[in-house]
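Biologist: Thanks for sitting down with me. Could you put the model on screen so that we can go through it together?

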Amino acid sequence: MAIFSSLARSGAISARVGSVLNKPALLEASKNALVSTRSMSGGHGPKNFTITPSRFQWHKFKDLFHYYIMIGLIPVGAVVFYTNVFVGPATLTETPADHTPKHWEYYRHPISRFISRYILPSPQQEYEKMLHHLHEENEKAMIRALEKQVREKMAERNDYQSYYYRPAIGKYHRVAKEAAEELEALRGD
């Protein structure tokens with residue numbers, strides 16, 4: 001159906017161009033021929049529907065953007081508003097002698113207190129994790145120093161590593177070492 005209407009329109013344009021030979025009419029006809037339109041039926045409003053590229057992705061992005069703003073920013077904004085208006089910041093008061101304050105009680109704002117108490121690790125925990133890390137690194141450094149001393153003693157005594165070999169291999173190595181020493185003694189270097 002749309003094909004026949006476009007064929008009829010192009011036939012009408014070519015008839016107009018053929019009948020009128022002056023230049024402005026030719027330009028107007030060529031402009032009309034380049035516009036993609038679809039003839040519509042029904043008699044209400046304009047008879048043409050201009051064909052445009054799809055904007056589906058743009059509309060989908062806008063819909064999802066507004067959706068996630070409604071899900072995320074509005075509830076967070078409501079919580080922040082409620083906290084600032086109805087709860088308010090903490091005030092300094094005298095603490096009893098037997099009370100030891102928790103780490104989150106040092107913050108003034110209620111949201112900072114909540115984040116410090118339930119989301120972030122405590123400073124004591126961070127300190128102990130750092131001490132553990134330092135202890136592990138110290139142990140590694142001590143092991144590396146001991147291995148260096150072992151290598152130095154092995155080089156000094158012309159020894160070999162046999163603590164992780166099977167005992168049979170150590171035996172054969174000792175026999176080969178004795179044979180090498182006998183040969184060296186026979187040569188007399």
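Modeller: Happy to! Keep in mind that this is a predicted model.

Biologist: Which order do the elements of the protein chain follow from the N terminus on?

Modeller: The protein chain holds six helices and two strands. Read from the N terminus on, these elements run α-α-β-β-α-α-α-α.

Biologist: What share of the residues of the protein chain counts as buried?

Modeller: The chain exposes about 17100 Å², with carbon and sulfur atoms supplying 62% of that area. To count as buried, a residue needs under 20% relative accessible area. Of the 189 residues, the share that counts as buried is 6%.

Biologist: Is Thr83 buried or exposed?

Modeller: Thr83 lies in helix α3, which spans residues 56-87. Leaving aside residues up to four places away in sequence, Thr83 touches Gly88, His109, Pro110 and Ile111. Its relative accessibility is 10%, and because the cut-off is under 20%, Thr83 counts as buried.

Biologist: And how does Glu184 count by relative accessibility?

Modeller: Glu184 sits in helix α6, residues 167-187. Glu178, Glu181, Glu182 and Glu184 form a negative surface patch. With a relative accessibility of 49%, Glu184 counts as partly exposed.

Biologist: One last thing: among contacts between residues at least 6 apart in sequence, what share joins residues at least 24 apart?

Modeller: A contact here means heavy atoms within 4.5 Å. Taking the contacts in the protein chain between residues at least 6 apart, the share that joins residues at least 24 apart is 15%.

Definitions and conventions: Residues numbered from 1 in each chain as written. Predicted model: local features only at pLDDT ≥ 70, side-chain atom pairs only at ≥ 80, totals over all residues. Heavy atoms only, no water. Helix = DSSP H or I, 4+ residues; strand = E, 2+ residues; numbered from the N terminus. Buried < 20%, exposed > 50% of the residue type's maximum accessible area, 1.4 Å probe, protein only. Areas by Shrake-Rupley, 256 points an atom, 1.4 Å probe, with all protein chains shown as cover. Patch = residues over 30% accessible without salt bridge, like charges linked within 9 Å, V, L, I, M, F, W, Y side chains within 5 Å. Salt bridge = Lys/Arg side-chain N within 4 Å of Asp/Glu carboxyl O. Lys, Arg positive; Asp, Glu negative; His and termini not counted. Charge placed at Lys NZ, Arg CZ, Asp CG, Glu CD.
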